[in-house]
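Keep the picture open beside you as you read.

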Amino acid sequence: MKKIWIGFGLACVLSLAGCGGGNPPETAKKAEPGAAPAGGGAAAMPDEANGATITGKVTFDGTKPKGKTIDMSANPVCTKAHATAPAMTEDVVVNDNGTLKYAFVWIKSGLPDQTWQVPTTAVTLDQNGCMYKPHVIGVMAGQQIDVKNSDPTNHNIHPQPQTNQEWNESQPPGSADKMQTFARQEVMIPVKCNIHPWMRSYIGVVSHPFFAVTGDDGTFTIKGLPPGTYTIEAWHEKYGTSDQTITVGAKDSKTQDFSFKG
Amino acid sequence: MVAVSTLLLVIAGGLVTSNDAAQSVPDWPLSYGKLVPPLEGGIRFEFAHRVLAATVTILTLILALWSRSRLAWVAFAAVVAQALLGGAVVTLVAPKWMPVAHACLAQLVFGLIVAIVVRQYCARRKRVEMSLDPAGTSACATLFVQTILGAAVRHNVAGIVPHIVFAAVATLVVMWAGVQVLMHHMENPPFRRSAILLLSLTFSQVFLGMGAYMSRILTADDPQPMPIMISFTVAHVAVGSLAFGAAIAMAIIVGHGGMTVA
């Protein structure tokens, strides 16, 4: 009987050691800045001089919803960061001109089958005032995301993708930025902080550079598109997606608006 | 004491999940590389869960050494396996079945501890061989299946419908088992009490389940888990464990059919 339990103990210790090991997640590995795209062939760049431009706005149709106040009392540091005005939810932000902020607009289909050059500049996702800033970002697959912690408190960054590799890392105050990438196209990847459950963000990962996120004026611009017929999609956290078909020629400048009902 | 500690551990686990704090400490067995992490936000729930888990592990080992029963050693092995599984949930992040398995094994651990306690209670009155009442055993099995379905809902592996449908099945099976005992052993206080306890807990559980579901719907648009949802959900988890424990207790008590009443 004793031998059985000694064996069991050994198995437990070995299992415990096994949990800490293993390789880092395939898609969460740090990308080399300016790395050549997969496949080794010449990667295309958007031709802003001869390509088409699509501009538009994402409007909100309905009664402007009131944002909800976030209760940050679980962490005094977070409460202090919003001492002058309470933090509000950012899932629906209707601009003064009736447009929606934080809509992600991208070319969903129609692009020629080719590899696009990944930008060497990183896109910043900051944890500031116990909120993710900005609330929505867009990157190309393989493009670096610079995750910062500007708060004097701990955060954990926990993206929850469906097709990319999920990861979860802590970022204490004052620690170095974390550079991360996602390998595959995925619209959208929710990001959360489990220490502060109100912290939520979304990352749109696209395999090409034709995407934009609406800001304070609710507009977007996509430049350098090759001539063709495309499905263009607007995504919103609360209101879902809306698809439109648009045909553009060389040097065309077209408008494509979207509207979401509240 | 071991049984109460284990129930508290189950409640602590429920609080971790309900507060969305399961990944607030991304490392294991240490927490943020330390024995005691900064106790802020969701870290408080996760760390309390780990401290209680360590306590239950030690208490179960003491119980096994003291009682020298095979069942107590099985319980200790299950607690160790549960701790390792909890560590794997934290360090491996991705596999969705792992938190479900962790929640289900927690119920089994609690059930084993209840079985040890009830067997000792029975042995004090009359030493008889271990046997289980078929009706009580059916109730145990049904409630455990319902635990799996509930855990799958909580961890977003399955929808709510199977859990609701099987709730009706589980309630009917428990009613049948409880009424069987009451009809045949009304004059025997331990039999009667165990059946009434099981029936009371199961009916309470149905209403708590409705409360948990309704509160989840009502607070779905809130920026973070709200106290009403947390209270109902954790109570639903705790009473679910108690009902499972009560079914095990009834199966053992009635199974020891020749037991004399003190």
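**Ground rules**

This is a predicted model, so to speak with care: local features need pLDDT of at least 70, side-chain atom pairs count only at pLDDT 80 or more, and totals for chains, interfaces and linings use all residues. Residues are numbered from 1 along each chain as its sequence is written, chains are lettered from A and ligands numbered from 1 in the order in which they are written, and side-chain values use heavy atoms, with hydrogens and water left out.**Where the chains meet**

Start with chain B and chain A. On the chain B side, 28 residues are in contact with 32 residues of chain A; contact means heavy atoms within 4.5 Å. Together the two chains bury about 2,500 Å², and 60% of that is on carbon and sulfur atoms. Buried area here is the accessible area (1.4 Å probe) that two parts lose on being put together, summed over both.

Polar contacts turn up here too: 11 residue pairs between chain B and chain A, both residues at pLDDT 80 or more. A polar contact is a pair of N or O atoms within 3.5 Å; within protein, one must be able to donate a hydrogen and the other to accept it, and residues adjacent in sequence count only if both atoms are side-chain atoms.

Which elements give two or more residues to the side of chain B that touches chain A? They are α2 (43–67) and α3 (70–92) of chain B. Helices (H or I, at least four residues) and strands (E, at least two) are DSSP runs, numbered from the N terminus. The largest share, six residues, comes from α3(B). By type, the residues on this side of chain B divide into 15 nonpolar, seven polar and six charged.

**Salt bridges**

How many salt bridges does the structure hold over all chains? There are 12, and the count between chain B and chain A is three. A salt bridge is a side-chain nitrogen of Lys or Arg within 4 Å of a carboxyl oxygen of Asp or Glu. Here are some of them:

| Pair | N to O distance |
|---|---|
| B:D222 and A:K68 | 3.3 Å |
| A:K101 and A:D216 | 2.8 Å |
| A:K148 and A:D177 | 2.8 Å |
| A:K238 and B:D221 | 3.1 Å |

Take the pair A:K101 and A:D216. A:K101 counts as buried at 19%, whereas A:D216 counts as exposed at 59%.

The pair A:K148 and A:D177 also links distant parts of the chain. A:K148 is in strand β8 (residues 145–149) of chain A, and A:D177 is in the loop between β10 (169–171) and β11 (178–180) of chain A, 29 residues apart. A:K148 is partly exposed at 28% relative accessibility, and A:D177 is partly exposed at 33%.

A:K238 lies in the loop between β16 (228–236) and β17 (240–248) of chain A and B:D221 in the loop between α7 (189–218) and α8 (227–255) of chain B, so the pair joins two chains. A:K238 is partly exposed at 37%, and B:D221 is partly exposed at 47%. Elsewhere, salt bridges that share partners join A:K108, A:E233 and A:D243 into one network.

**Inside chain B**

Now find helix α5 (residues 134–154) of chain B. At 1.5 Å a residue, its 21 residues should span 30 Å, and its end C-alpha atoms are 30 Å apart, which agrees. The expected span is 1.5 Å times one less than the number of residues. Buried residues of α5(B) include B:A135, B:L143, B:F144 and B:G150. Just after α5(B), B:N156 takes a positive phi of about 60°.

Not counting residues up to four places away in sequence, B:R50 touches several residues, among them B:V25, B:W28 and B:V90.

Finally, look at B:S215 in helix α7 of chain B. B:S215 is buried, with a relative accessible area of 2%. Leaving out residues up to four places away in sequence, B:S215 touches B:I228, B:M229 and B:F232.

Definitions and conventions:
Ala, Val, Leu, Ile, Met, Phe, Trp, Tyr, Cys and Pro count as nonpolar, Asp, Glu, Lys and Arg as charged, and the others, Gly among them, as polar. Buried means under 20% relative accessible area, exposed over 50%, partly exposed in between (1.4 Å probe, protein chains only).
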